[in-house]
Each structure stands twice: as C-alpha cells, then as structure tokens.
Amino acid sequence: MFEMINRDDATRARGGDTALAPHIGRPADYVRALAEIEMSSCERDMLRAHAKAPGRKITGLKLAETVGHFGCRIGNKKYGRLAAKISAAADLPMCKTDVSDYLAAIFTLAEGTQSDGEDWTWVMHDNVARALADAGIV
C-alpha cells in the first residue's frame with residue numbers, strides 16, 4: 001500500500017527538521033500554507049475538530065458531522081480537498097499509496113487507517129498540530 005522509505009533519508013529530504021516522510025511537512029511549511037490558502041469556515045472547523053479531538057484522532061464520519069453533513073465519504077472528501085490545498089501550498093508531494101487522491105492528500109495531515117467499512121480514522125501529525133497552534137487556528 002505504501003512505498004517504504006528510510007526515515008533518515010526522509011528527514012534529510014525535507015530539510016533535516018522534524019519531518020518523518022517526504023509528504024509530511026515541517027511546522028513552518030504548514031504555517032506558510034495555511035497563510036496562503038483560502039479556507040472556508042467549514043474547512044477551518046474540520047481542522048479545529050481534528051486538532052481538538054482526543055489524541056488528535058478523528059473519523060471521516062465525525063469530520064462530516066462537524067460541518068453539518070452525514071456520511072464518512074463526504075467527510076473524507078471534504079477533508080481531502082482541504083488537505084490537497086494545504087499540501088500544494090506547502091509544496092509537499094502526494095503520499096505514494098493506492099488509495100484515492102483525496103484520501104492520499106489527507107496523509108499530508110494525518111496517519112490513517114481504514115475501518116472494516118468505508119470510514120477511515122485519522123491521527124493528526126504533530127507538525128500539523130504545532131502549525132495550527134502557531135497560526136492561531138486552535
């Protein structure tokens with residue numbers, strides 16, 4: 001499912017800071033991206049809900065409910081579109097995986113695991129949480 005990389009190589013590839021893989025940015029990358037993109041109030045609410053969730057762990061269904069929608073697919077799609085905007089502005093490559101583009105984009109914000117059904121559980125990367133705090137979003 002994922003392309004395996006050497007952790008030391010990945011850290012060097014992102015500038016020797018706290019990045020763990022090429023698709024995971026440094027806090028400064030995310031802060032810069034958050035300042036550059038236009039975000040709707042719904043997108044901002046999704047980021048806040050994810051950052052404030054216990055253990056920064058949330059499902060696609062919960063993300064959908066956060067913005068008044070129902071269904072894990074819509075939650076993951078909306079979050080994936082936001083993640084794609086952030087990753088493009090941060091100049092981060094897409095995660096090399098065999099899932100849909102919108103799910104792959106979320107991996108720039110969080111680690112994900114698929115449940116037995118269609119939903120995914122996302123755990124926000126530390127660097128994203130730090131950037132959200134630094135940017136005053138949470």
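Student: What is the mean pLDDT of the protein chain in this predicted model?

Tutor: The chain averages 86, and 86% of its residues reach 70 or more. Over residues 1–17, though, pLDDT stays under 50, and for that stretch the model has 33 contacts beyond four places in sequence.

Student: Why is Cys 72 called buried?

Tutor: Happy to take that one! The relative accessible area of Cys 72 is 14%, and buried means under 20%, so Cys 72 counts as buried.

Student: And what makes Cys 42 partly exposed?

Tutor: Cys 42 has 34% relative accessibility. Partly exposed lies between the buried cut-off of 20% and the exposed cut-off of 50%, so Cys 42 counts as partly exposed.

Student: How many disulfides does the structure hold?

Tutor: The structure holds 0 disulfides. For that label, a pair of cysteine sulfur atoms has to lie within 2.5 Å.

Student: Now the helices. Why are α2 and α7 called oblique to each other?

Tutor: Helix α2 (residues 27–36) and helix α7 (residues 126–134) pack at about 50 degrees, with their axes 8 Å apart. Roughly parallel needs an angle under 35 degrees, and roughly perpendicular runs from 65 to 115, so the pair is oblique. Their crossing is right-handed.

Student: Which residues make the contact?

Tutor: From α2 come Pro 27, Tyr 30, Val 31 and Leu 34, while α7 brings Asn 127, Val 128, Arg 130, Ala 131, Leu 132 and Asp 134.

Student: What covers the buried residues of α7?

Tutor: The cover includes α2, α3 (41–52) and β3 (120–124). The buried residues themselves are Asn 127, Val 128, Ala 129, Ala 131 and Leu 132. Just after α7, Gly 136 takes a positive phi of about 75 degrees.

Conventions. Residues numbered from 1 in each chain as written. Predicted model: local features only at pLDDT ≥ 70, side-chain atom pairs only at ≥ 80, totals over all residues. Heavy atoms only, no water. pLDDT = per-residue confidence, 0-100. Contact = heavy atoms within 4.5 Å. Buried < 20%, exposed > 50% of the residue type's maximum accessible area, 1.4 Å probe, protein only. Axes fitted to C-alpha atoms, helices over the stretch in contact; angles between N-to-C directions. Helix = DSSP H or I, 4+ residues; strand = E, 2+ residues; numbered from the N terminus. Parallel < 35°, antiparallel > 145°, perpendicular 65-115°, else oblique. Left-handed = near helix turned anticlockwise from the far one by under 90°.
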